[in-house]
Amino acid sequence: MKVAIYQMDVQAGKPDANRDKVQRWLQEVVEQQRPDVAVLPEMWTTGYALPDIEQLADEENGTTQQFLQALAKEHAVDLVAGSIAVKTDDGVVNRALTISRKGEIIHTYDKIHLVPMLDEPRYLSGGKAKAKTYELQGTTVGSFICYDLRFPEVTRSLAVDGAKVLFAFGEWPAARRDHWDALLRARAIENQCFVIAAGAVGSYKGAAFSGHSTVISPWGNVLALATPDQEETMVTHIDLAEADEFREAVPVLKNRLPDLY
Ligand SMILES: O=C(O)CCC(=O)C(=O)O
């Protein structure tokens, strides 16, 4: 699987400008590298302009979703499209979307863990459904969003349900970059999954984002690591057989004893 990650400098509060950036990026990466999958970061339409999120968020099946469906079809690429703010009957959610190259929505997930340090519970509603696996190019995969990374139960449950690739989307603060790096690597090793993480750069109200988008193998090898502070396109090949080989050699998932913990 050839994966392209957009480590993006999201323009907070400017969804039109961010959609333009994504359109230009995708056009360029598809022309130059022909990836199978393109991956975007967390909340890439609005950034963390939370006080205005009610006005900025998309309607369900709204502008950004339709824009992504058209782009995926036009470029014949699967879009693991990070997450966007979406208005629902329960309030605004931070929703991850994956769209097939045919333009079909193949997965959605609303971030379940809201971040108190960023005041998210004041402006956003947490998802009510557990993160579920889905099929992408014949492989079982899962997606989770930023703060979910601190809750190993999320990725463990995706791995137990068969995921071999975990997609993570972040606008993680630079102040805690070490945690991002260490926890992503831990999630890859403990679940014997590839971890493909798209982060953001730039800053909002003086707080910088961590960059360090990355691709990590099930063995824990860092196959690619972006800069901490520049927009960047990272294209990486992953060999999915590595997950099977590691699982056979070290059968962690089979050796779990959930009744004892
Ligand atoms: O857990 C953290 O340190 C940051 C989480 C975060 O920034 C987010 O979920 O958007």
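Helices here are DSSP runs of H or I with at least four residues, strands are E runs of at least two, and both are numbered from the N terminus. Please keep in mind that this is a predicted model, where local features need pLDDT of at least 70, side-chain atom pairs count only at pLDDT 80 or more, and totals for chains, interfaces and linings use all residues. Residues are numbered from 1 along each chain as its sequence is written.

Back to helix 6 itself. Its 15 residues, 177-191, should span 21 Å at 1.5 Å a residue, and the end C-alpha atoms are 21 Å apart, which agrees; the expected span is 1.5 Å times one less than the number of residues. Which residues of helix 6 are buried? They are W180, L183, L184, R187, A188 and N191. Buried means 20 or more other C-beta atoms within 10 Å of a residue's own, exposed means 12 or fewer, and partly exposed is in between, with C-beta atoms placed from the backbone. Seen down the axis of helix 6, the buried residues fall within an arc of 135°, so they line one face; the arc is taken from the directions from the helix axis to the C-beta atoms. That buried side packs against helix 5 (152-160), strand 8 (165-169), strand 9 (194-198) and strand 13 (214-216), with contact meaning C-beta atoms, placed from the backbone, within 7 Å. On the face turned away sit the exposed residues D178 and A182.

Now the ligand. Around it are E42, V115, L118, C146, Y147, R150, E171, W172, P173 and R176, each with its C-beta atom, placed from the backbone, within 6 Å.

On to the loops. T45 sits between strand 2 (37-39) and helix 2 (53-56). Why does T45 count as buried? Because it has 26 other C-beta atoms within 10 Å. T45 touches P15, N18, R19, T64, I84 and A85, leaving aside residues up to four places away in sequence. N18 is 27 residues from T45 in sequence, yet their C-alpha atoms are 5.5 Å apart.

Most residues other than glycine have a negative phi. N61, in the loop between helix 2 and helix 3 (63-75), has phi near 55°, and N61 is exposed, with 11 other C-beta atoms within 10 Å.

Notes: Contact = placed C-beta atoms within 7 Å.
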